[in-house]
Amino acid sequence: MSSASPSWDDARARAVSLGAERMLPSRPAAISEAVGLTSAADAHAVVSLPIADISAMDGWAIAGDGPWRVGEPVRMGADTPSEELRPGLARPVTTGAVVPPGARAVLRSEHGATERDPAGAELLSLNGSGRAASDQPAGRHIRRAGEEITAGELLWAAGTILTPAHVAFGAVAGLDTLEVRPLARARLVVTGDEVITVGAPRRGEVRDAFTPVFSSLLPMLGLSLHSGHHASDSHAAVSEALQHPDEAELVITTGGTSRGSGDWVRHAVEDSGGVIVVDGVRMRPGHPVLLARLADGRPLLALPGNPLAALVCLLSFAPALVAGMTGGALSQLEPLLELDVEPIEHDTRIIPFHRENGRAVATSWRGSAMLRGLSEAEGLAVVAPQDAPAPTLMLPLPWALAARR
Ligand SMILES: Nc1nc2c(c(=O)[nH]1)N[C@H]1C(S)=C(S)[C@@H](COP(=O)(O)OP(=O)(O)OC[C@H]3O[C@@H](n4cnc5c(N)ncnc54)[C@H](O)[C@@H]3O)O[C@H]1N2
Ligand code: MOO
C-alpha cells in the first residue's frame, strides 16, 4: 500500500470510473435470457395491466339488482364478450375473464345460488352469505384495465439489473426482447508457484481457493468466467498472462500484489505499458489490492493472494467495475446497527459477521488467510476508520440468500 492509497469508498468510486472507460456494447436479448443482465434502455409496457376490465373472482358478472337471469358463460381467451350486459342479467365468469360491458360487479360464487324458474330459465340470487356480506357495490371484484400500469408507462429504467421479478413483469406487460448489456467476461489468472489445483497440499503448498468458485461466483456479480489460467511467480509468466489477447473484457488476478521477491503483478502491469490506477487501498484485509488499466485498455482487478482478503476485495470492487461497464451506479449500503467492532486508525475494516439471537456478531476467524469465518457469515461488516468515522455498513454476500431455507 503506498502513501497515496485511497480510502475504500474512493477506491470503489475509481473502480466505477475505470469500468466506465470500457462500457459494454448493448444488444437485444430474449426476455427469457435476461435475468442477471443489465437493462441498456428504459423499458415500457406494451399493454396495460390488466389489458381490460377482468374478474378477480370465480362467479357471475352482474348488471342491475337481482335476481338475475343467467346467460352464457364468458369464455377465457381472446374471444372477449362484446354484448352489453343489461340490468337484471348475469353471466358466469372465471377469475381473469373479461367482464362484459355494462357489468356492475362480479358476484363471487360463494355468495350466490341458482335455480330454475317454471319456464326453465336459470335465475341467480344472493344466498345467505351473499346477503350477509352485502358484497356487490359497483366495481366489486372487477380489476380495472390499467390499474397496475398503462401501455407506454415506464417498467424500469436503463441501468437496472434485471431480476426474475423484472422479467416476469416485463413478460406480462408484453415484452419479448430487451436491450441489455451482457455479463462482462473475465479472464482469471491465479498466480503462485505454491498453488496446487487438486488433492491435499503437501508442506509448502496451498490448495487453490479461487478456481473452484469463480465460475459460479462471478455471475452473481454481473461477470462471467471467460477463461482461467495458472501463472508461475515470474515476471515473464505474469506479463504473458496479462498481455494474452482474448475476448475477455476484464482481467482478474490473484496473488503477487505485494512487494515481496515473488510478487510480479505491479511490475508486469507497468513494464507492459499498463497504468496502475489504484495502488493499494486503506482497508484491512486487502490493502495490497490493485486496480489498473492494462496496455490494451482492459481493466485489471488484482486481488491479494490471501483468500479472505481476495474475496473481500472481489466483493468490494468487482460490482463497482461492473457498474461502470454497464452504465449503472453502486447502490447505497445498509447500516449494520449494534455490531461491536473497534475501528482502526486509518483503514476500513471488513469483517464477516453472522447473527446470534438476532444480533450481529463479528467472526473470530477474521485473519486475512482464513475462510472459516466467511463460510459461516451472513454478510461483511464495513467498519469506517477512526480518522473518518461513519456508521458501520453491511456489504451483502451474493450467496447469502441462496444459503437460507
Ligand atoms: N512485507 C510485507 N509483506 C506482506 C504485506 C505487506 O504489507 N508487507 N502484506 C501482506 C498482506 S496483508 C497480504 S494480503 C499479502 C498479499 O500478498 P500477495 O497478493 O502478494 O499474495 P501472495 O504472496 O501470492 O500470497 C499470499 C498468501 O496467499 C496464499 N495464496 C495465494 N494464492 C492462493 C490461492 N489461489 N489459493 C489459496 N491461497 C493462496 C499464498 O500461499 C500466501 O500464503 O501479502 C502479505 N505480505
Ligand atoms: O491485506 Mo492482507 O489482504 O490483510 O491479507
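β9 and β10 form a hairpin with five residues between them. G120 sits in the turn and has a positive phi of about 90°. β9 spans residues 112-116, and five bridges join this strand to β10 in the antiparallel sense. Strands here are DSSP runs of E with at least two residues; helices are runs of H or I with at least four residues, and both are numbered from the N terminus. Two strands pair if DSSP finds at least two bridges between them. R116 has E122 of β10 as its bridge partner.

This is a predicted model, in which local features need pLDDT of at least 70, side-chain atom pairs count only at pLDDT 80 or more, and totals for chains, interfaces and linings use all residues. Residues are numbered from 1 along each chain as its sequence is written, chains are lettered from A and ligands numbered from 1 in the order in which they are written, and side-chain values use heavy atoms, with hydrogens and water left out.

**Strand pairing**

β10 has a further partner in β6. Strand β6 (residues 68-70) pairs with β10 (residues 122-126) over two bridges, again in the antiparallel sense. W68 has L124 as its bridge partner in β10.

Elsewhere, three strands make an open sheet in the order β1-β13-β2, with antiparallel pairing. β1 (27-30) and β2 (38-39) stand at the edges with a single partner strand each, so one side of each is left without a neighbour in the sheet. Two bridges join β2 to β13, which covers residues 177-181. T38 is paired with R181 of β13. Strands of a sheet pair through backbone hydrogen bonds, either parallel or antiparallel.

**The cavity**

T38 and R181 turn up again in the lining of the largest cavity. A cavity is a set of points, on a 1 Å grid over the protein atoms alone, where a 1.4 Å probe fits but cannot get out; lining residues have an atom within 4 Å of a point. How many cavities of 30 Å³ or more does a search of the whole structure find? The search finds one. The volume of the largest cavity is about 40 Å³. A volume is the space filled by probe spheres set on the grid points, which are joined across faces, edges and corners.

The lining of this largest cavity also includes G36, L37, I161, P182, L183, G222, V322 and T326. By class, the lining holds five nonpolar, four polar and one charged residue. Ala, Val, Leu, Ile, Met, Phe, Trp, Tyr, Cys and Pro count as nonpolar, Asp, Glu, Lys and Arg as charged, and the others, Gly among them, as polar.

**The pockets**

A pocket is an open set of grid points with protein on both sides within 12 Å along at least five of seven lines. The largest pocket holds about 800 Å³ of space. Its lining has 27 residues, of which I161, M220, L221, P319 and S331 lie nearest the centre. α4 (211-220), α7 (307-325) and β27 (393-396) each give two or more residues to this lining. α7 gives the most, with four residues. The lining of the largest pocket divides into 18 nonpolar, eight polar and one charged residue.

The second largest pocket holds about 410 Å³. It is lined by 28 residues, and E194, G255, P304, G305 and N306 lie nearest its centre. β14 (184-191), β16 (206-207) and α7 each supply at least two residues of this lining. The classes are 11 nonpolar, 12 polar and five charged.

**The ligands**

A residue is near a ligand if one of its heavy atoms lies within 4 Å of it. Ligand 1 has 20 residues around it, of which E194, D208, A209, T257 and D263 come nearest. Ligand 2 is surrounded by P285, G286, H287, P288, N306, A309 and S368. The table gives some polar contacts, meaning pairs of N or O atoms within 3.5 Å.

| Residue atom | Ligand atom | Distance |
|---|---|---|
| E194, polar side-chain atom | ligand 1, oxygen | 2.6 Å |
| D208, polar side-chain atom | ligand 1, nitrogen | 2.9 Å |
| T257, polar side-chain atom | ligand 1, oxygen | 2.5 Å |
| H287, backbone N or O atom | ligand 2, oxygen | 3.0 Å |
| N306, side-chain N or O atom | ligand 2, oxygen | 3.2 Å |
| S368, polar side-chain atom | ligand 2, oxygen | 2.3 Å |

Taken alone, ligand 1 exposes 870 Å², and the protein buries 67% of that. These areas come from the Shrake-Rupley method with a 1.4 Å probe.

Terms used:
A polar contact is a pair of N or O atoms within 3.5 Å; within protein, one must be able to donate a hydrogen and the other to accept it, and residues adjacent in sequence count only if both atoms are side-chain atoms.
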